[in-house]
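Subject: Structure handover

Hello,

Please find the structure below. My notes on it follow.

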Amino acid sequence: MTKTWAVFHDRNARLFLTAVTVSGFGTSALWLVSGVWVKDLTGSDGLAALCMLAMWAPTLAGPLLGALADRVPRKPLLIGGSLLMAALLPVLFAVDSPDRVWLVLTVLFVYGAAGVVHDAAESALVAGAVVPSLLGGFNGLRMAITEGMKLLAPLAGAGLYAVQGGPGVALLDATTFALAALLYAGLRVRESRPDPLAPPTSTDGGDEPSGRTATAPRSPRRRPTAPSRPRLFKRTAAAPTTPGLRPTTPSRPRLFRRTAAAPTTAGLGPTTTHRRTPSRRTPAGAGARHIWAHPILRPLVLAGGTTMLCAGLNGALIYAVIDGLGHSPAYAGALYAAQGAGSVAVGLVSGPALRRLGERRFAAYGIALTAVAAGLRAIPSDPLALACSAAIGAGLPCVLIAALTAVQRETPDALLGRAVATAHTLVYTPNVLGLAAGAALVELVDQRPLSALLGVAWLATAVPLFQRPASASRIASRSPSDANPA
């Protein structure tokens, strides 16, 4: 816990977490009120459900939207995005009749798209602004704050909605975005200008990883291209007696030998030994290729996506569980409160747990805890149901925190925005699919055997994470084509 609280000694971390608290409060309030507002205006459950879909839909375009966080300076992007939403939300004051509900859905869609860009830019900027040893603790505290806001802000939003209506909540959210912009303006960061020919980013976990904060002209191992051309030309001119000599052929075997020998360099990242650091002009799909080729990131992101798929299935069973306990649907509030408390608790201890266990085992233990708790929901018992909800809340965030921390540590700065946004898409999109599948299954199968089967299947997700990752020698032996999943 001491290391976790050490995050607050870092000025940038404090500003980031304060901004997360402020903007998260407004977002959570609007998240609840938007559906209630549309329901009151139209009486339609379908249109009310579209509010959630409008906010989630931009996640599918995560790799494209995340590219913006790699091509635009990230601090101005955070400030500008916050000010954009602060200016856009007052448009909802014009919504006073059912025929203007389209304004709500449009604003929420822009809200979701801005959120994808914001999350990518923030995670990428945090990786360079916060000491790497504090990243795990920072991400855990961020998760704890986010879950805490989900417990408090909806109640405040509902109270404000009862007094001021939807426009009052929109104004509250706009104010929180303006305050967040002021906090982001206070960050002390120096963003690097990426160099397409710079060496790969180190992933040794040191306090100052190369390529994150240094500008390109100061990169200590940069090999400029201009001086090498006359040198190659002189060698070609000095060997006129060799028939058929091409100017560039002497350099190819030499460059290949240097790349193959790179794994022996101390501190060099395992998966970037055979390629140069990507520039911000590389395609949006580069983030997905990086994650797929990386032996640490791929299993964590896949486990995160599978976990969220199962979480969607489990979430769809909540009211069937309540029916089995003999309670009214309002009992869901108690279960959600217990789950939120578990998430807050694990967020506070995630920093020390990550340092002790590592990302893979931390995620694996969290998945295992969640799977066991989901399976035990088949037993109808009030104390057990509350305990299982708390356990699910504690276990579910583990793989999310581990995956995000690993992406931040193992990705070159110039690619970080796309990698984070791609990871979010791969992890969170299956949750929507799980909710839809669970809603269909719960009508066909009894909740108890379904919960038991879900727990067993979910538990299998943790097994690959308990296995040892690929060794450095196996990574170095891969050809460049192995990095492309296609």
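At 7% relative accessibility, Cys310 counts as buried, where buried means under 20% relative accessible area, exposed over 50% and partly exposed in between, with a 1.4 Å probe and protein chains only. Cys398 is buried as well, with a relative accessible area of 5%. A search of the whole structure finds 0 disulfides, a disulfide being a pair of cysteine sulfur atoms within 2.5 Å. In general, a disulfide is a covalent bond between the sulfur atoms of two cysteines.

Before the rest, a word on how to read this. The model is predicted, so local features need pLDDT of at least 70 and side-chain atom pairs count only at pLDDT 80 or more, while totals for chains, interfaces and linings use all residues. Residues are numbered from 1 along each chain as its sequence is written, and side-chain values use heavy atoms, with hydrogens and water left out.

Aromatic pairs

Rings of Phe, Tyr and Trp (its six-membered ring) pair if their centres lie within 6.5 Å; planes under 30 degrees apart count as stacked, over 60 as edge-to-face and the rest as tilted. The count by this rule is 5 aromatic pairs. Phe16 and Phe138 are edge-to-face because their ring centres are 6.2 Å apart and their planes stand at 80°. This pair links distant parts of the chain, with Phe16 in helix H2 (residues 11-42) and Phe138 in helix H7 (residues 135-185), 122 residues apart. Helices here are DSSP runs (H or I, at least four residues), numbered from the N terminus. Phe16 is buried at 0% relative accessibility, and Phe138 is buried at 1%.

Tyr111 and Phe177 also pair edge-to-face, at 5.6 Å centre to centre and 70° between the planes. They too join distant parts of the chain: Tyr111 belongs to helix H6 (residues 101-129) and Phe177 to helix H7, 66 residues apart. Both Tyr111 and Phe177 are buried. Phe16 and Phe138 form one aromatic cluster together with Tyr184.

Nonpolar cores

A nonpolar core is a set of buried Ala, Val, Leu, Ile, Met, Phe, Trp, Tyr and Cys residues joined through side-chain atoms within 4.5 Å. The largest one has 43 residues, of which Leu300, Phe362, Ile367, Val407, Trp458 and Leu465 touch the most other members. Elements that give two or more residues to this core include H6, helix H11 (297-316) and helix H14 (382-410). H14 supplies the largest share, 11 residues.

Which residues does Phe362 touch, not counting those up to four places away in sequence? They are Ser350, Ala353, Leu354, Leu357, Cys398, Ile401 and Ala402, where contact means heavy atoms within 4.5 Å.

Apart from this core lies another, of 30 residues, among them Leu77, Leu78, Met149 and Leu183. Met149 is in helix H7 and is buried, with a relative accessible area of 12%. Leaving aside neighbours within four places in sequence, Met149 is in contact with Thr21, Gly24, Phe25, Ser28 and Pro154. Met149 and Thr21 are 128 residues apart in sequence and 7.3 Å apart in space, C-alpha to C-alpha.

Helix H6

H6 has 29 residues and reaches 41 Å from its first C-alpha to its last, close to the 42 Å expected; the expected span is 1.5 Å times one less than the number of residues. H6 is mostly covered, with 21 of its 29 residues buried.

Regards
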